[in-house]
Amino acid sequence: MALDDNIVQRWRNSDLLLLGGSAGSFKPIYHCVKLFPKNLNKTVIIIIHRKKNFFSEIEKLFADNSRMMMREVTDKDVLNANTIYIAPANYHTLIEKDKSFSLDVSEAIWYSRPSIDVTFESASEIYKNRCTAVLFSGANPDGAEGLLKLRHKGALTIVQDPDDAEMREMPQAAIALNAAEYTLNTKDIFELFQK
Amino acid sequence: MHDSVETITAPQVIEIIDLVKQIYGFDFGSYTKASLKRRVTRIMQLKKLQFYDLKHILVNDSGFFQQFLEEITVNVTEMFRDPSFYSSFNKQVIPYLASYPHAKIWCAGCSSGEEVYSLAILLQQAGLRKKSFIYGTDINTECLKEARKGIYSLRKIKSYAENYQLAGLEGSITDHFTILYDAASIHSELKQNTLFSVHNLVSDNVFNEFQLITCRNVFIYFEIALQEWILDLFYQSLAPLGFLCLGAKETIRSDNFRKKFKVINQKENIYQKIGS
């Protein structure tokens with residue numbers, strides 16, 4: 001699908017970019033991270049499912065290859081532009097009205113903490129239409145409900161084309177809920193992010 | 001998981017907070033709103049209540065309020081949550097506690113007691129159990145009942161086995177429990193030097209002097225002003241050079257309190273009281 005004016009305009013107008021995914025999402029999200037210029041002029045939040053107590057190299061790998069500032073969310077951090085935040089393992093990440101983060105250790109959702117749904121829903125209330133969200137590959141339906149809430153608030157909602165995804169269930173669940181305004185392959189997603 | 005009830009709005013959350021404060025005296029006004037909103041929505045979903053029904057039942061049924069209180073506070077906890085914290089604790093805090101003839105410990109926001117018993121196991125392995133005493137406090141009386149019993153499902157205890165091992169402790173977690181069918185009961189000697197009681201960090205005061213206070217994954221539910229109010233309470237409750245342990249993602253932000261607490265371990269958020 002070619003990128004139309006609507007999608008490009010709304011991407012440009014977004015203050016916040018949400019990237020969510022589970023199994024099979026690391027590669028495309030890593031590519032996004034490498035792509036972003038230092039002054040993207042947006043806040044980026046990454047929510048990737050991962051195991052607690054597993055000090056993966058994800059954060060380090062992202063930080064080493066990103067031109068943007070990068071940090072794992074600490075309680076009450078303020079959301080700054082030109083910064084990539086990673087939702088920490090074993091917490092849910094929420095956004096407060098004053099655009100600061102708050103964390104929560106309540107029950108896992110879809111066996112996941114961080115839950116993509118929780119952050120997406122919370123962002124939808126604060127950022128409304130000034131937000132772009134992308135749901136990538138994954139083997140469970142987390143994120144679909146949250147993406148729908150974002151769409152209802154006017155955010156630009158995108159899923160990775162299930163045919164293009166390593167695991168189709170996550171983007172497929174969002175499509176089934178009619179949560180995705182656009183279904184794009186990774187090539188188009190990367191192209192959009194450079195507009 | 002489709003919404004079967006309406007989603008509550010931010011002003012409606014404030015309405016509920018005000019109502020609870022007026023009727024029951026519990027003040028959730030300085031709790032973080034995004035999390036509260038999730039909790040209230042969850043209660044409405046569980047009990048299949050619309051916003052109006054929730055208000056009505058809160059006003060007219062004090063029995064319901066107890067359930068409300070249990071649900072609105074997050075009581076999810078683990079034994080040896082963040083194993084790296086416990087291994088750092090062993091190296092950096094235990095030697096300090098060992099230097100006292102008697103160590104008093106306050107575990108603030110202890111929920112169903114898992115953290116208190118994790119500390120008790122650590123102290124036992126360091127040979128300090130008999131000369132230390134752990135006070136576990138929470139606002140939730142139902143959780144405190146569970147904590148006093150010290151009986152957990154075997155499935156739950158087994159799920160902490162990985163934490164236990166990663167924390168670098170001797171033996172295995174089940175060594176500290178008596179297991180009967182699917183229940184795991186903490187050994188009675190680990191319960192001996194513990195006391196669980198109600199304490200509300202928002203409204204209650206200093207009740208003793210401690211060599212160590214742990215308050216992990218509690219601050220995340222509080223706005224910064226309330227966090228500072230409680231930091232002051234902790235400061236006053238600590239003996240000189242006493243230790244304060246916060247959760248892995250919680251930090252002391254204000255310059256004022258940064259002067260009063262020295263960072264012992266940046267990553268694990270272990271602090272030590274300095275000044276008078």
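Reader: Let's start with E4(B) and strand E5 of chain B. In which sense do they pair, and over how many bridges?

Author: Two strands count as paired if DSSP finds at least two bridges between them. Strands (E, at least two residues) and helices (H or I, at least four) are DSSP runs, numbered from the N terminus. Here E4(B) and E5(B), residues 183-186, are antiparallel and share four bridges. For one spot to look at, find Thr178(B), which stands opposite Ser185(B) in E5(B).

Reader: How should I read the labels, and is this an experiment or a prediction?

Author: This is a predicted model, where local features need pLDDT of at least 70 and side-chain atom pairs count only at pLDDT 80 or more, while totals for chains, interfaces and linings use all residues. Residues are numbered from 1 along each chain as its sequence is written, and chains are lettered from A and ligands numbered from 1 in the order in which they are written.

Reader: Back to chain B, then. What is the strand order in the sheet with E4 and E5?

Author: The order is E3-E5-E4 in chain B, an open sheet of three strands with antiparallel pairing. Its edges are E3 (151-153) and E4 (177-180), each of which pairs on one side only. From one strand to the next, the twist averages 30°. Such angles run from 0 to 180 degrees between N-to-C directions, with axes fitted to C-alpha atoms, for helices over the stretch in contact.

Reader: What does E10(B) pair with?

Author: Look at two partners. Strand E8 of chain B (residues 238-246) pairs with E10(B) (residues 270-273) in the antiparallel sense over three bridges, and there Leu244(B) has Tyr271(B) as its bridge partner. Strand E9 of chain B (residues 261-265) also runs antiparallel to E10(B), joined by four bridges. In E10(B), Lys273(B) is the residue opposite Phe261(B).

Reader: Which residue takes a positive phi in the hairpin of E9(B) and E10(B)?

Author: That's Asn269(B), with a phi near 55°, in a hairpin that has four residues between its strands.

Reader: Now chain A. How many strands are in its open sheet, and in what order?

Author: Seven, and you can trace them as E3-E4-E2-E1-E7-E8-E9, with parallel pairing. The edge strands, pairing on one side only, are E3 (69-72) and E9 (182-184) of chain A. Ignoring direction, neighbouring strands here are turned by 20° against each other on average. Zoom in on the E9 end: strand E8 of chain A (residues 156-160) runs parallel to E9(A), with three bridges, and Val159(A) stands opposite Thr183(A).

Reader: Which strands does helix H6 of chain A lie across?

Author: Helix H6 (residues 169-176) lies across E1 (16-21), E7 (131-135), E8 and E9 of chain A, at about 135° to E8(A). H7(A) lies across E7, E8 and E9 of chain A and runs at about 145° to E8(A).

Reader: And how do I describe two helices side by side?

Author: Two packed helices are described by the angle between their axes and the distance between the axes. Take H2 (residues 26-35) and H7 (residues 186-193) of chain A: their axes come within 10 Å and cross at roughly 20°. H2(A) and H7(A) are therefore roughly parallel (under 35 degrees is roughly parallel, over 145 roughly antiparallel, 65 to 115 roughly perpendicular, the rest oblique).

Reader: Which residues make that contact?

Author: Residues are in contact if their C-beta atoms, placed from the backbone, lie within 7 Å. H2(A) brings Pro28(A), His31(A), Cys32(A) and Leu35(A), while H7(A) brings Thr186(A), Phe190(A) and Phe193(A). By class, that's five nonpolar, two polar and no charged residues. (Ala, Val, Leu, Ile, Met, Phe, Trp, Tyr, Cys and Pro count as nonpolar, Asp, Glu, Lys and Arg as charged, and the others, Gly among them, as polar.)

Reader: How many residues does each chain give where A and B touch?

Author: Chain A gives 18 residues and chain B gives 19 residues. On chain A's side, the elements giving two or more residues are E5 (92-95) and E6 (101-104), and E6(A) gives the most, with three residues. That side has six nonpolar, five polar and seven charged residues.

Note on methods:
Two residues are in contact if their C-beta atoms, placed from the backbone, lie within 7 Å.
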